[in-house]
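Please view the sequence and the structure before reading on.

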Amino acid sequence: MNQLKQIHAFTLRNGIDYNENLIKKLLQISNIFYAHNLFKLIPTPTVFLYNNLIQAYSSQNQPHQCLYLYSQMRFKKCLPNAHSFTFLFATCARFSSPFHGQILHTHFLISGLDFDVFPLTALVDMYAKLGMLVSARQVFDEMTLRDIPTWNALIAGYSRHGNMDGALEIFRQMPSRNVVSWTAMVSGYSQNGLYAKALRMFLEMEKEKGLMPNEVTIASVLPACANLGALEVGERVQAYARKHGLLRNLYVSNALLEMYARCGKIDAAKQIFFEIIGNRRNLCSWNSMVMGLAIHGRSYEALQLYGQMLREGTAPDDVTFVGLLLACTHGGMLVKGRQLFKSMEKMFRITPKLEHYGCMVDLLGRAGELQEAYDLIKRMPMKPDSVIWGALLGACSFYKNVELAEIAANSLFELEPWSPGNYVILSNIYASAGRWDGVAKLRKLMKGSKITKAAGYSFIEGEGEIHKFIVEDASHARHDEIYTLLNRISTKMKLQSADDSELEELCLMEI
């Protein structure tokens, strides 16, 4: 910087016009303020300089300066080129400016540059990111020439706004696809909670020759593996990520840590956590590990990790405390749970949310402090949901508290009248207390409201695919083979059981 200032001083003393080159150098070292001051000294700046400065301001999150420079271009009769509009459309997309984006679109059409694929792709991307999918599709359909980034921009837009059917339609129509195309689909399905489809799309991608998943692909498919319990695929993804050095990416490491924690391999999750060296760990890393330990009943380890987190200077957030309160619940640590709940506001100025109250009600209920749990519900600053009343009802079932069970159940009947589980739990509580009139009343109510228990289903992973099934399911294409094999296994088990019984009888006779 000092050298550039010396050059600037030399040019001023000697009357040399070196400002344009100085501006380029200053923008390379991100000194936009100095560069802009020099820019103002140029009587007729080139479109190239305008573009450089617009791009620099956009990267520094200053959209108003970008739009101001564009207005100055028009005022000084400096005609914008394709690059100008490309940068400006990207700026409007990044900073959610639909009004300015539409004005720029009009100017772009008037400019006669609407044959260039680069600004047109940026325009599609702008409308897609702004949620204006009809406009994005219209621009896309009117383009005579499209490249892969154009298709990808529209797919990402549909995915981002939850229209995965539209995204898939565009994806299937693509003449050729790259890794970004596949990743947009995997990521879109995963972010919209369609984990089975995300996993199927990834498995389909693996079969494509010459395609190598990148960091974004891996970080997108791992949450699908975590939510489906697809450990086999997750382990294969980890092997690929490790082989190609993708674990250096924190998003990949955090997603892998979460996957192992959710799939029950908590020691594998710890290994990934400790591979994330020191200050590379972010709050997400700590939260995933604390939550994983808590869910798997390793409460003391979760609390020890929280202590380490504080010592290393990472401040907790509301997600951290959900994990800590769950650890206390699973570990039966009522006193510690109360302390942590109080510390949220007192020490960290974190206002408890519905999830924290739910954890506390569950903790108090499991400890038998039913009245305290109910009092906490009444003091809540927000309306309790079905999870909170469900936690109280479950505790009442364990401790056979009919009075509070009726209060909790009646609230649940209002919140989720279609759920049979609440009726069944209250009926069981009545039965335990000998209140058969209450049992009969609930059965009559369920019958009159046509409330039936929903069929439970299971997932099973085989050969890298996830299959969903219910009892006596015949929806699978190979269900005949499956039931034949199950019958054979069942017969063998019965024969083995009979052999074991005979062996046991012989042993007893010998004795």
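Between which two helices is arginine 349 found?

## Basis of the report

The model is predicted, with local features requiring pLDDT of at least 70 and side-chain atom pairs pLDDT 80 or more, while totals for chains, interfaces and linings use all residues. Residues are numbered from 1 along each chain as its sequence is written, and side-chain values use heavy atoms, without hydrogens and water.

## Two loop residues with positive phi

Arginine 349 is in the loop that separates helix H21 (334-348) from helix H22 (354-366). Helices are DSSP runs of H or I with at least four residues, numbered from the N terminus. Although arginine 349 is not a glycine, its phi is positive, about 55°. The residue is exposed, at 79% relative accessibility; exposed denotes over 50% relative accessible area, buried under 20%, and partly exposed the range in between (1.4 Å probe, protein chains only).

Asparagine 61, also not a glycine, has a positive phi of about 60°. Its loop lies between helix H4 (47-59) and helix H5 (63-75). With a relative accessible area of 47%, asparagine 61 is partly exposed.

## Packing of H6 and H8

Helix H6 (residues 82-94) and helix H8 (residues 117-129) have axes that come within 8 Å and cross at roughly 10°. H6 is therefore roughly parallel to H8, a term for angles under 35 degrees. Axes are lines fitted to C-alpha atoms over the stretch in contact, and angles run from 0 to 180 degrees between N-to-C directions.

Residues of H6 in this contact include Phe85, Phe89 and Cys92, and those of H8 include Phe118, Leu123 and Met126; contact means heavy atoms within 4.5 Å.

How values were computed. Parallel < 35°, antiparallel > 145°, perpendicular 65-115°, else oblique.
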